[in-house]
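Work through the two exercises below with the model open. Each task is followed by its solution.

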Amino acid sequence: GAKSDGRNGFQFYSTDLNTASLGELLLENQLRGALDRRELLLYYQPKVSAASGRVTGAEALLRWQHPELGLLSPGRFVPAAEEAGLIVPIGEWVLRTACRQLREWLDGGLEPVCVAVNLSAQQFAHQDIVGLVQKVLEETGLPPALLELELTETMLMRDVEHTTEVLGKLRALGVRLAIDDFGTGYSSLAYLKRFDVHVLKIDRSFVNDIRSDGADGTIAAAVIALAHSLGQEVVAEGVETECQRDFLARHRCDLFQGYLFGRPMTAEDFAGQIGAVAHG
Ligand code: C2E
Ligand code: MG
Ligand code: MG
Ligand code: MG
């Protein structure tokens, strides 16, 4: 027990803590070199137009091909990367890689798609994100409207003055702006109007609520109506069933993203899907 071995009692309690933080430290240390070792990669998940059934976009999703642990999802390492400040260089790599990939696709004659990149709070708060986006667009010569930046409500609400200024500048560059996981954070409707983004992404949890009889789709339907009243497009994330798709389509959702239409996949696999009619 903790107290039975006298002065080692403290040891008892700290062991678990040390084990946990050791694992995190190890991962964090390995993550430092992951970029240089080319262990990071992007997967692409299709976004499908409700009107045409075609793939018109993709979300770039970060993966880490860890030498021992295998393919890791961002949930396993992005929080550590944010804490260590590593998300800034990693995020820059993500943006550049996604834009280069799209350039390659376009040069290869593939039908143009809009590629969305997730930004982290740190990139938005501390980095010259406007300068970076501008530089990458120049480097790759991409039409700016083919790049979409996904931001969360929490990021946007942290410093609304800063947000208004940065969003205005990004908008002026011609890129598309989306609020990710909409409905899970805290943003006031007044700011939603002021921030003036192009796209709202309904959080997966509200899509998941939609049952086969359409019950519990209230929030998803309300988000769609809200977005449209503000002149914004709506993407539903996490669409897994035909019932969910049909409900969302009835409520005039613009784009679908979810396992029903395609899981996140390699760039190569995604290229094979562009132009194809989705069968979801
Ligand atoms: P997100 O931006 O909301 O991305 C959508 C997540 O939902 C992805 O998880 C995707 O695989 C998953 N998803 C898509 N469709 C379905 C579905 O039908 N069912 C279910 N159960 N899940 C679905 P993933 O790839 O694990 O990414 C998790 C989060 O990590 C992302 O959430 C995003 O917040 C963050 N993230 C991913 N890539 C990056 C990145 O490059 N930079 C930063 N800062 N964050 C990233
Ligand atoms: Mg996202
Ligand atoms: Mg999301
Ligand atoms: Mg999400």
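**Exercise 1.** Of the 23 residues around ligand 1, which come nearest?

The model is predicted: local features need pLDDT of at least 70, side-chain atom pairs pLDDT 80 or more, while totals for chains, interfaces and linings use all residues. Residues are numbered from 1 along each chain as written, chains are lettered from A and ligands numbered from 1 in the order written, and side-chain values use heavy atoms, without hydrogens and water.

Step 1. Arg63, Asp180, Arg204, Glu240 and Tyr259 come nearest; a residue counts as near if one of its heavy atoms lies within 4 Å.

Step 2. Look for polar contacts (N or O pairs within 3.5 Å). Oxygen atoms of ligand 1 lie 2.8 Å from a side-chain N or O atom of Arg63 and 2.9 Å from one of Glu59. At Tyr259, a polar backbone atom is 2.8 Å from a ligand oxygen.

Step 3. The protein buries 83% of the 800 Å² that ligand 1 exposes when taken alone (Shrake-Rupley, 1.4 Å probe).

**Exercise 2.** At roughly what angle do the axes of helices α5 and α7 cross?

Step 1. The axes of α5 (residues 129-140) and α7 (residues 160-173) come within 10 Å and cross at roughly 10°. Therefore α5 is roughly parallel to α7 (angles under 35 degrees).

Step 2. Ile129, Val130, Val133 and Gln134 of α5 meet Val166, Lys169, Leu170 and Leu173 of α7, contact meaning heavy atoms within 4.5 Å.

Conventions. Axes are lines fitted to C-alpha atoms, for helices over the stretch in contact, and angles run from 0 to 180 degrees between N-to-C directions. Helices (H or I, at least four residues) and strands (E, at least two) are DSSP runs, numbered from the N terminus. Angles under 35 degrees count as roughly parallel, over 145 as roughly antiparallel, 65 to 115 as roughly perpendicular and the rest as oblique. A polar contact is a pair of N or O atoms within 3.5 Å; within protein, one must be able to donate a hydrogen and the other to accept it, and residues adjacent in sequence count only if both atoms are side-chain atoms.
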